[in-house]
Amino acid sequence: MPASVLVVARQVMREAWRRRTLPVLALFGCGIIIATAFLSFFQLGTEIKFFKDVAMTVIFLFGAVATLVLVSTQLSGEIESRTIYNVLSKPIRRYELVLGKFFGALAAIAVAVAPMVAILMFFMSVDQGGSLLEAVKAGYMLWLSFAVLSAVALAIASFSSSVVCAALSVLVYVASYLKGAVIAYAGMVTYSRLAAGAAQTFYYLLPNFENFNVRTAVVHNAVVPWAYLFRTTLYAAALSAFFLYLGTQIFEEREF
Amino acid sequence: MIAQRFARYRTVLTALVLLACVAGAQALVDVYRPAANDEAGVQFSAAAEVVRGFAGQIRGLLADFIWLRVDEYAHRRRVVDGDINRGDDEALMPLVRLITWLDPHYVSAYALGGQWLAFHFGKPREAVLFYDEGIRNNPAAGDLLTGVAFVDWRLLHDNKAAASRVEQAASVTNDDQVRFQAFWLEAHILLDGGDRAGALRVWRRVGTMPGYSQTAQHFIDQIAHGKAVPAAPAAGSGTLHP
């Protein structure tokens with residue numbers, strides 16, 4: 001990896017902590033998870049399920065918000081504040097800048113999400129609430145989904161403002177979850193092979209964030225196979241590579 | 001010349017290759033998806049897909065919060081026309097349905113919904129269908145098997161089906177207490193159907209379970225003295241309120 005990418009990545013991390021958004025989100029997330037651990041209004045036997053559900057959702061929500069806040073203000077933020085002129089006047093290529101932003105965001109998000117996963121694991125071990133390894137796997141899968149979301153957001157940020165970038169990224173995320181419903185409806189309303197083919201194409205080409213959802217395994221004490229983890233990592237890498245490539249190509253063409 | 005021409009299409013070609021990689025990786029993931037998340041193998045209706053799609057990754061938490069509401073409804077008993085069993089039943093079933101869409105492994109929701117359909121709405125056949133859906137999604141849920149057995153026995157008077165469901169409930173668990181409860185119910189169902197030999201056979205099996213020999217002997221003695229036979233429900237009626 002070129003040194004300039006590492007320099008940019010380090011800068012992104014430093015800025016993420018300087019802005020306080022990420023630490024505050026992480027603190028809030030940790031606070032909610034800890035508070036949930038002491039709620040005992042749920043009926044006997046399901047407290048641990050409820051706790052795991054809340055913790056997984058909090059990690060996901062706060063992680064996703066942190067990703068969007070961090071990534072959407074990277075490229076477009078630099079363009080809006082005109083600091084991009086200074087950056088591009090340095091001996092750095094545009095694709096290196098995009099890659100640096102991506103890897104920096106991934107590292108910053110990992111640091112923000114890790115304490116929440118650690119708290120989940122701590123209370124799981126105290127309450128004997130299932131395998132800690134599965135919790136780590138679930139945390140890793142969530143981080144992979146944030147990586148893909150970062151790549152999507154960076155691709156959008158290469159041609160839009162930070163607000164538009166955040167809004168469009170959320171839209172892509174929601175669309176990825178709704179495509180299951182669209183395919184189900186397509187199967188119900190038409191028997192056309194063309195429609196079925198189009199639905200299948202949609203399924204394979206649009207991002208599928210459901211791949212990273214292993215909440216069931218953690219909550220219902222199932223095991224996520226290592227092969228699934230490996231394949232999902234491949235999927236995240238391919239999807240991130242596609243969106244980063246799109247982003248860099250658009251960014252290369254932009255004139256400042 | 002060729003290189004220049006190629007350069008023009010390089011971006012599109014690379015993007016297409018990367019898209020092909022995405023599709024290939026998705027196909028690879030699909031192979032293992034049911035192993036990582038058995039919800040992937042559950043057949044949902046289109047309406048359920050929409051609800052699940054909008055809920056996204058927070059569907060588990062949503063199901064939990066709706067369950068809190070269901071729990072409140074179920075326990076907030078009030079006397080309606082002199083009947084304490086008629087609480088907020090109408091409000092409860094749609095919520096139960098939503099929970100099972102959001103989390104098809106919510107065994108408690110299936111158990112409560114089945115019981116409500118059978119004993120509060122007087123729809124035992126719909127209850128059996130609902131229980132069956134729950135059992136399909138949670139094959140190891142003994143609670144659902146004993147629940148549907150109870151409906152088969154007391155409301156549909158199908159003792160044979162009921163006994164076979166309870167037998168299945170006893171076989172899906174390693175927990176002796178749960179197995180004992182299943183056998184206890186099976187013995188009563190068999191006795192109710194006049195199958196004393198079958199009931200004795202069940203109690204002898206209970207007797208082989210560690211710690212249950214005295215209990216089993218007690219029931220065997222009771223049967224020998226013509227006791228331990230549950231009261232038969234009145235003809236044409238079932239136990240409406242368990």
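**Conventions.** I took residue numbers from 1 along each chain as its sequence is written, with chains lettered from A and ligands numbered from 1 in the order in which they are written. The model is predicted, so I kept local features at pLDDT of at least 70 and side-chain atom pairs at pLDDT 80 or more, while totals for chains, interfaces and linings use all residues.

**Chain B overall.** I counted 11 helices and 0 strands in chain B; helices (H or I, at least four residues) and strands (E, at least two) are DSSP runs numbered from the N terminus. I found 40% of the 242 residues in chain B buried. Buried stands for 20 or more other C-beta atoms within 10 Å of the residue's own, exposed for 12 or fewer, and partly exposed for what lies in between, with C-beta atoms placed from the backbone. I also looked at contacts, meaning residue pairs whose C-beta atoms, placed from the backbone, lie within 7 Å. Of the contacts in chain B with a separation of 6 or more, 49% join residues 24 or more positions apart.

**Helix α6(B).** I checked residues 124-137 of chain B, a helix of 14 residues that spans 20 Å from first C-alpha to last, close to the expected 20 Å. The expected span is 1.5 Å times one less than the number of residues. Its buried residues are Pro124(B), Ala127(B), Val128(B), Phe130(B), Tyr131(B), Gly134(B), Ile135(B) and Asn137(B). I noted α5 (107-119) and α7 (142-154) of chain B among what covers them.

**α7(B) with α8(B).** The two axes come within 8 Å and cross at roughly 165°. I used axes fitted as lines to C-alpha atoms, for helices over the stretch in contact, with angles from 0 to 180 degrees between N-to-C directions. The pair is therefore roughly antiparallel; the classes are under 35 degrees for roughly parallel, over 145 for roughly antiparallel, 65 to 115 for roughly perpendicular, and oblique for the rest. The crossing is left-handed, a term for the near helix being turned anticlockwise from the far one by less than a right angle, with clockwise being right-handed. Among the residues that meet are Leu145(B) and Trp153(B) of α7(B) and Arg165(B) and Val166(B) of α8(B). By class I recorded 8 nonpolar, 4 polar and 2 charged residues, where Ala, Val, Leu, Ile, Met, Phe, Trp, Tyr, Cys and Pro are nonpolar, Asp, Glu, Lys and Arg charged, and the others, Gly among them, polar.

**α6(A) with α11(A).** I looked up residues 94-126 and 226-253 of chain A, which pack at about 140° with axes 9 Å apart. These helices are therefore oblique to each other, and their crossing is right-handed. The contact includes Tyr95(A) and Phe102(A) of α6(A) and Leu244(A) and Phe251(A) of α11(A). Its residues divide into 6 nonpolar, 2 polar and 2 charged.

**Between the chains.** I found 30 residues of chain B in contact with 40 residues of chain A. On the chain B side, α1(B) gives the most, with 15 residues. That side has 16 nonpolar, 9 polar and 5 charged residues.

**Positive phi.** Most residues other than glycine have a negative phi. I noted Asn221(A), with a positive phi of about 55°, in the loop between α10 (215-219) and α11 of chain A. It counts as partly exposed because it has 14 C-beta neighbours inside 10 Å. His157(B) has a positive phi near 55° and sits in the loop between α7 and α8 (159-171) of chain B.

How values were computed:
Two residues are in contact if their C-beta atoms, placed from the backbone, lie within 7 Å.
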